[in-house]
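Please open the model in your viewer and keep the sequence panel beside it. The stops below go from annotated spans to a helix pair, and then to the spaces inside and between the chains.

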Amino acid sequence: MTDIKLQARNVDVYYGQKKAIDNVSIDIDNGLVTAFIGPSGCGKSTFLRSLNRMNDTIADARVTGEILLDGEDIYAASMDPVALRARVGMVFQKPNPFPKSIYENIAYGPRIHGLAQGKADMDVIVEKSLTQAGLWNEVKDRLNDPGTALSGGQQQRLCIARAVAVSPEVILMDEPCSALDPIATARIEELIDDLRQTYAIVIVTHSMQQAARVSQRTAFFHLGVMVEYGETSEIFTNPREARTKDYITGRYG
Amino acid sequence: MILSAVLLAVLALGLAGWTFARNKARLLYAGRGSMHSMPVYHGWHFALWIVLPGLLAWGVWSVAMPTLVNGSILADPAAAALPADDMQRAAILSEARAIAADPSVFAFDPLSARLADPIRVAEGKWGTIGALLVLICALAGGAHAWTRVRAGFPARTRVERVVMAVLLVVSLMAILTTVGIIGSLVFEAGLFFKDVSPLAFLTGTHWSPANAHGGDISANFGAVPLFWGTIYIGAIIAMFVAIPLGLMSAIYLTQYATRRVRGWFKPLLEILAGVPTVVYGYFAALTVAPKVRDFAAWIGMNNPSTESALAAGLVMGVMIIPFVSSMADDSLAAVPRSMSDGSLALGATRSETIKKVLLPAALPGIVAGVMLAISRAIGETMIVVMAAGASANLSANPFASMTTVTYQIVQMLTGDQEFNNPKTLSAFALGLVLFVVTLILNIIALRVVKRFREAYE
């Protein structure tokens, strides 16, 4: 039985007159990590940002087509983008902790959405989120330190914990390791594998090795078009399209 | 007269010299690397050696000549009739000088008419000597430089050095002016504090310089009501207007407005900063103050005064809005976009993001903007002169007439001034206090801004 979480149908994304994404249709399943790969400027981040309507914050961005979350059109007039983003969380390329304490960074989301009934409740959420992000043991004694005082890798895990704290259904990750060193990257990759038990995860990455390591499905984007989508093992060992093959063998990109 | 002509002549010589020296240097030029400096630098070097000695001599002579001319006149037999009193003597001499320059001027004192001729002769004589001196200096400098137009001469480095020296002198002027202002403030304030104890001045609550007679006058110079008026109007009432309005308009402009709206709104807001303060002053006095008085009467105050702290403070607040909003605008814009993205991606609304993430992150910059605005407000004069009144009131009632430090300085230094009287000198003490306070506010604000910038780079 397939368990489709997100479904895109004939999605185009425009920036002003420029078409950045051309007719993309894709099914994203629960319990799996889906990787978007492709050369810079191919539109993979743009497409990712249209999955939780972060493109709304860009003045002249426009999305056409249908994106369904559990069968519900997220661009329908009845869909509140604020509520949507609580269900589809996002982790960014550069770690962006708020200039607040570690505790407050995590508590921010739950507080906005009224997820905790009191201080004790909030403590539980903070501990659970930090544990899920594999950060609890490193920071449990200094929850009141500023989040920005952590190392780059820790900051990124803090941002993941922050996203997890509002109990989303999907987590979108936009090149989450591109600003990190190899050891911190390995930690995050392990973490992604753990998180997929609970959340549907979509990750944009520049690194084909990373896509091969963490994902079960891979979509290859080129010039705004989704060229190929399938099992990660298939894409990397036996791509159907010549362009995919050229890219993964390093002919361009 | 002749001195101005010689100045033009020196400049013309310099210009001609520039051409000559460059042309001479061009003849020496024999391909790349044949000369240390390009011909144009030889031109500049030569021209500078003509103009700078000429200017120097001209400057020295301009300072020295009046003394020399005076000496000649006093030696004239007609000058024997001059009165002994310095003031009368100076009056007659200045009249004589005016007649010497323009014979059609009417002479009040016959003596000045008689002195006009000797003055004309003396000025002619010393002027000619000076002009010759200037020319000699310029030519001597030129002769020195002419021998330097050689292939190996480093004219370029010399010219660069002069450029640096000129820039140094110019920037020193600004600094020296500041030092001079501080020096005179401190000096005159020192004279004031000889008569009035600093403690009484800074802590006394009774301000009535007009009644300062006799032995102990310290009691009449208690400046606390002035400080209070300044703070109440500039830092409290004005900020009640400026902080919310400035901050909210900055938030609207950076976070909500489309580019088109922003393109219109921002310049319009900045017009506020371009309105002359005297215009704000009569706006406060003629438009706002009567309304404030009517309002005070309406809420049941007995015989409210036309001049009030509230009227001045309200208008001052409006004047300060652009300061607060432009600093807030900058610091909000300096918060990285990733911050607000992070918050929005968690399902926060726009206003939650602004309130909980952007404002805390931009707070140092906003605080710095407010401090600069306060330092601007407490130094503001025109509005309070026109709308706040003159009575030194120590009161929290916004409808009361109040006076400020700047208003009192204006009072003390307009009309009759006696620089041996504490009444006039008190202006310098007040100025010194104002200067120190605004300096501290500015230093804190700049520090805060600097630290804030570093945090995000």
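Begin by selecting residues 45-64, 162-187, 226-247, 268-289, 309-328, 357-378 and 427-449 of chain B, which an unreviewed UniProt entry lists as "transmembrane region"; UniProt positions are given in the numbering used here, feature names are shortened, and annotations may be inferred rather than shown by experiment. This is a predicted model, in which local features need pLDDT of at least 70 and side-chain atom pairs count only at pLDDT 80 or more, while totals for chains, interfaces and linings use all residues. Residues are numbered from 1 along each chain as its sequence is written, chains are lettered from A and ligands numbered from 1 in the order in which they are written, and side-chain values use heavy atoms, with hydrogens and water left out.

Two of these spans can be viewed in turn. Residues 45-64 of chain B are 100% helix and 0% strand, with end C-alpha atoms 29 Å apart, and residues 427-449 of chain B are likewise 100% helix and 0% strand, with 32 Å between the end C-alpha atoms. Helices (H or I, at least four residues) and strands (E, at least two) are DSSP runs, numbered from the N terminus.

Now select the annotated domains. The unreviewed entry gives "domain: ABC transmembrane type-1" for residues 228-445 of chain B, a span that is 78% helix and 0% strand and has its end C-alpha atoms 22 Å apart. For chain A, "domain: ABC transporter" covers residues 6-248, again from an unreviewed entry, and this span is 37% helix and 27% strand, with 26 Å between its end C-alpha atoms.

Next, show helix α10 (residues 309-334) and helix α12 (residues 350-379) of chain B, which pack at an angle of about 150 degrees with their axes 8 Å apart. Axes are lines fitted to C-alpha atoms, for helices over the stretch in contact, and angles run from 0 to 180 degrees between N-to-C directions. Contact means heavy atoms within 4.5 Å, and the residues that make it include B:M316, B:F323 and B:M327 of α10(B) and B:L359, B:G365 and B:R376 of α12(B). By class, this contact has 17 nonpolar, three polar and one charged residues, where Ala, Val, Leu, Ile, Met, Phe, Trp, Tyr, Cys and Pro count as nonpolar, Asp, Glu, Lys and Arg as charged, and the others, Gly among them, as polar.

Elements giving two or more residues to the lining are α2 (81-87) of chain A and α7, α8, α10, α11 (337-345) and α12 of chain B, and the lining has 14 nonpolar, seven polar and nine charged residues. On a 1 Å grid over the protein atoms alone, a pocket is an open set with protein on both sides within 12 Å along at least five of seven lines, a cavity is a set of points where a 1.4 Å probe fits but cannot get out, and lining residues have an atom within 4 Å of a point. Grid points are joined across faces, edges and corners, and a volume is the space filled by probe spheres set on the points.

Finish with the largest cavity, of about 60 Å³. Select B:L253, B:K266, B:L269, B:E270, B:P322, B:S325, B:S326 and B:D329, which line this cavity; α10(B) gives the most to the lining, with four residues.
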